[in-house]
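Here are a few exercises to work through with the model open beside you. Try each one before reading on to its solution.

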Amino acid sequence: MTSYVSRFRDGDKDQKDLLGGKGANLAEMTNLDLPVPPGFTITTEACRAYMRDGHVPPELRVEVTLAVREIEDTIGRRLGDFHEPLLVSVRSGAKFSMPGMMETVLNIGLNDASVKGLTEFSGDERFAWDSYRRLIQMFGKTVLGIDGDQFATALDERKAAVGAATDVELSAQDLRVLVHTFKEIVLAQTGREFPQHPREQLDMAIEAVLGSWNTDRARLYRRRERIPHDLGTAVNVVSMVFGNLGETSGTGVCFTRDPSTGETGVYGDYLPNAQGEDVVAGIRNTLPLAELEVLDPVSYDALRHAMRRLETHFRDLCDIEFTIERGKLWLLQTRVGKRTAAAAFRIATELVDESLITMDEAITRCTGDKLSQLLFPQFDSAAARQLLTRAMPASPGAAVGEIVLDNAQALERTAAGAHVILVRRETNPDDLQGMIVADGVLTARGGKTSHAAVVARGMGTCAVVGAEELDVDPAHGEVRVRGEVLRAGEIIAIDGATGEVFRGEVPVVDSPVMVYVSDGLDAGLAAARDPEARALVMAVDRVLRHADHVRRMHVRANADSADDARRARARGAEGVGLCRTEHQFLGERRQYIERLVLADTDDDRRAALDALLPLQRDDFTGLLEAMDGLPTTIRLIDPPLHEFLPDLTELAVKVATAPEPDPKDVALLAAVERMHEQNPMLGLRGVRLGLTLPGLFALQVRAIAEATVQLRQAGLDPQPEIMVPLVGSVRELQLVREEAERVLEEVSASSGVPLDVPIGCMIELPRAALTAHRIAEEADFFSFGTNDLTQTTWGFSRDDVERAFFADYLQNGVLTISPFETLDADGVGALVRAGAEGGRATKPGLHLGVCGEHGGDPESIHFFHDVGLDYVSCSPFRVPIARLEAGRAAVSPRRLNR
């Protein structure tokens with residue numbers, strides 16, 4: 001029989017699948033003898049049963065009764081008792097952190113009778129009625145589905161009526177009146193009284209938290225973070241401890257290191273006389289954690305001790321929620337904290353220096369996605385700027401965009417192509433849609449642990465919070481600051497590293513990390529504007545150097561010109577994995593392709609090819625010189641010829657409307673009509689084009705050979721590799737290879753320079769992957785073209801499907817991410833594996849690489865490592881990312897494809 005309840009003492013941090021992250025870490029802290037309130041966890045199995053059956057498992061009620069009674073016996077109070085009531089919180093807690101996406105209800109057990117018992121027990125009438133109004137407010141919104149604005153409006157009206165500026169200025173009598181008002185709202189909105197039986201409250205809250213796993217915002221968050229929908233959430237039932245028992249009580253969130261920069265120190269937020277949701281919601285601006293040392297030095301020392309112990313135990317940055325109840329510290333939650341990209345690199349290397357982790361572990365904590373964030377531009381500090389205000393930097397970055405004041409505006413303007421900054425008083429989980437599409441987030445309230453700060457850091461979105469000078473007025477569509485009025489649609493800029501907010505556009509410059517990967521360590525350090533930036537550059541350098549040391553796979557670049565190749569080489573590329581030669585036939589060179597197409601005789605065709613030869617030779621000379629000593633894979637022309645010819649419709653109209661059509665246009669139109677295809681990407685292109693248009697591939701091979709000879713005679717060491725595209729049959733490759741080898745031999749004989757140029761092919765058709773054992777007989781190497789392999793495996797036309805129906809497929813769960821961004825491991829990946837195994841079955845030493853867009857995608861790189869590829873090739877910008885991920889793949893166990 002399945003057990004759905006686990007006591008804290010029975011679990012540990014390694015049971016996140018069953019207990020969720022929060023429950024597993026509460027169990028771990030309990031077993032470390034840290035001050036955790038008594039409680040228990042309802043496992044994720046209960047949630048999965050609830051999702052499957054549509055109701056709470058019948059056995060769960062019995063197990064909850066037994067666990068509650070154990071808490072009652074431990075504490076010596078009873079749930080809902082009239083004299084000394086036990087109150088509990090009911091909180092969600094999934095395996096992967098989903099901040100603010102699911103539900104929490106506090107103060108379960110209060111009713112019209114027990115509120116008097118709580119007054120008697122605490123000796124504080126105001127505290128008791130404040131706790132009761134919080135329960136009705138949270139329960140009404142979370143469990144009963146009442147619009148939270150109704151409660152917030154009633155609260156604001158009561159404060160206005162008595163002249164109170166903040167919640168804590170309301171008296172016990174004011175809160176009594178507010179409880180009555182809240183109960184009337186519940187009755188009016190639901191048709192029933194607020195439930196008075198504590199057990200009914202508890203059961204309803206548990207079911208609401210289980211159900212919150214599948215709310216729209218939770219599913220949206222999981223889609224974005226690629227968290228499986230079938231995991232389910234755990235539910236943690238914990239005895240309440242109170243931070244709103246007066247000035248000797250309070251609540252806060254702390255980090256063992258700065259989650260924005262990675263610096264060691266005292267970081268966090270604290271609110272005296274408050275409960276936890278006040279901090280996270282950002283409703284009241286918080287005090288810096290350091291001020292707790294003045295307010296309550298004993299609790300501060302106890303907290304610092306717990307912080308050090310938890311960081312040492314987890315060997316990582318920890319995020320800790322705590323409450324102080326009349327001078328007694330309680331820990332309510334801990335987790336490995338979310339952090340910015342900059343903090344990830346600094347924390348990893350500093351933990352190495354403190355001998356808490358190894359360098360191998362350090363690179364597993366610094367992802368390619370994080371590194372890519374550090375390569376984005378930052379604001380130019382030397383440029384003229386109009387400062388509006390300065391607030392708390394919560395998530396680094398430089399964001400420029402239109403002011404939008406709600407989700408609807410954010411979605412509308414970004415759909416129109418605009419960049420936007422979401423400006424709110426404070427954010428809550430309902431703002432997630434707007435936060436996802438916004439370039440930046442700016443709030444008037446909240447601290448570094450507010451909802452806006454935590455979610456923005458997790459998403460890598462620039463954020464500035466707690467801008468108290470802002471008066472955000474969504475009703476009038478404007479933001480007021482220091483006497484200036486800004487309306488929705490106006491441009492502002494926010495700096496998530498400094499907390500500065502500017503009016504209008506602000507110029508950007510390369511980040512110090514981008515300067516480092518492009519120009520080297522000294523240049524990166526010189527570009528760093530402060531000690532923090534210099535420390536970051538040093539940390540990135542250490543991590544990248546170690547990744548280079550441990551990785552098995554090489555990293556090449558997709559480069560079509562000498563300039564591309566030089567940029568890639570500066571960023572650490574170890575060769576070119578793909579030179580797309582078709583890009584060399586654009587612009588003014590189109591005329592040569594037209595001449596080739598229109599050639600009626602062998603002499604005309606030869607003249608056209610002869611005109612192209614010196615141009616191609618110069619292209620390859622520059623490319624091979626830039627990559628001197630490194631392998632350079634040159635793909636023979638791939639696209640269909642029509643891409644180099646005039647548009648059929650435009651040319652037909654030109655001929656039809658001309659009084660006397662140009663004979664050249666008439667001849668060209670006839671050729672274009674002859675070559676017109678309904679589906680050209682599956683038509684006459686790649687190897688098929690080379691076999692049907694005599695001399696085209698031979699021209700390119702000759703240009704490569706002559707460029708190689710020229711450079712070797714100059715004392716250089718060019719290492720070209722010739723790659724044949726779109727091969728589906730071994731005979732195709734055999735025919736091209738025979739022609740290529742003949743040309744290479746001719747050039748070698750005439751120059752006296754030996755030419756041993758590898759000839760391989762792309763594997764980008766399912767048939768090629770499945771017959772790789774045969775194709776390998778004629779190939780010196782394979783390069784998997786995963787872009788076309790994805791198209792032909794799924795039957796997708798990339799240019800059409802992404803705008804036609806991908807949004808629907810992502811929404812309904814057919815896809816969790818575009819297969820053109822991250823490799824479809826189950827389908828396309830199976831073909832890559834089959835191709836690799838088949839090729840090496842024929843030639844054990846066959847060199848294997850990948851040159852599709854996936855070569856720069858972090859998760860795909862791990863797959864390619866597991867399959868045994870020798871290299872990945874990606875855009876020059878992503879070379880540092882690929883270097884890091886190849887290193888991570890070498891030291892990481894295979895990650896689950898989430």
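**Exercise 1.** How many aromatic pairs does a search of the whole structure find?

*Solution.* This is a predicted model, and the search turns up 11 aromatic pairs. Take Phe-379 and Phe-502: their ring centres are 6.1 Å apart and their planes meet at 85°, so this pair is edge-to-face.

**Exercise 2.** Classify the pair formed by Phe-796 and Phe-805, then decide whether each residue is buried or partly exposed.

*Solution.* Start with the geometry: the centres lie 5.7 Å apart with 65° between the planes, and planes over 60 degrees apart count as edge-to-face. Now the accessibility, where buried means under 20%. Phe-796 has 10%, so Phe-796 is buried. Phe-805 has 24%, so Phe-805 is partly exposed.

**Exercise 3.** Where is Ser-89, and which residues is Ser-89 in contact with, leaving aside neighbours within four places in sequence?

*Solution.* Find strand S5 (residues 88–94), which holds Ser-89. Its relative accessibility is 3%, so Ser-89 is buried. Then list the contacts beyond those sequence neighbours: Val-105, Leu-106, Asn-236, Val-237, Val-238 and Met-240.

**Exercise 4.** Which rings do the charged ends of Lys-328 and Arg-556 sit over?

*Solution.* For Lys-328, go to Trp-330: the charged end is 5.1 Å from the ring centre. For Arg-556, go to Tyr-871, where that distance is 3.9 Å.

Definitions and conventions: Residues numbered from 1 in each chain as written. Predicted model: local features only at pLDDT ≥ 70, side-chain atom pairs only at ≥ 80, totals over all residues. Heavy atoms only, no water. Helix = DSSP H or I, 4+ residues; strand = E, 2+ residues; numbered from the N terminus. Buried < 20%, exposed > 50% of the residue type's maximum accessible area, 1.4 Å probe, protein only. Contact = heavy atoms within 4.5 Å. Phe/Tyr/Trp six-rings, centres within 6.5 Å; stacked < 30°, edge-to-face > 60°. Lys NZ or Arg CZ within 6 Å of the ring centre and 35° of its normal.
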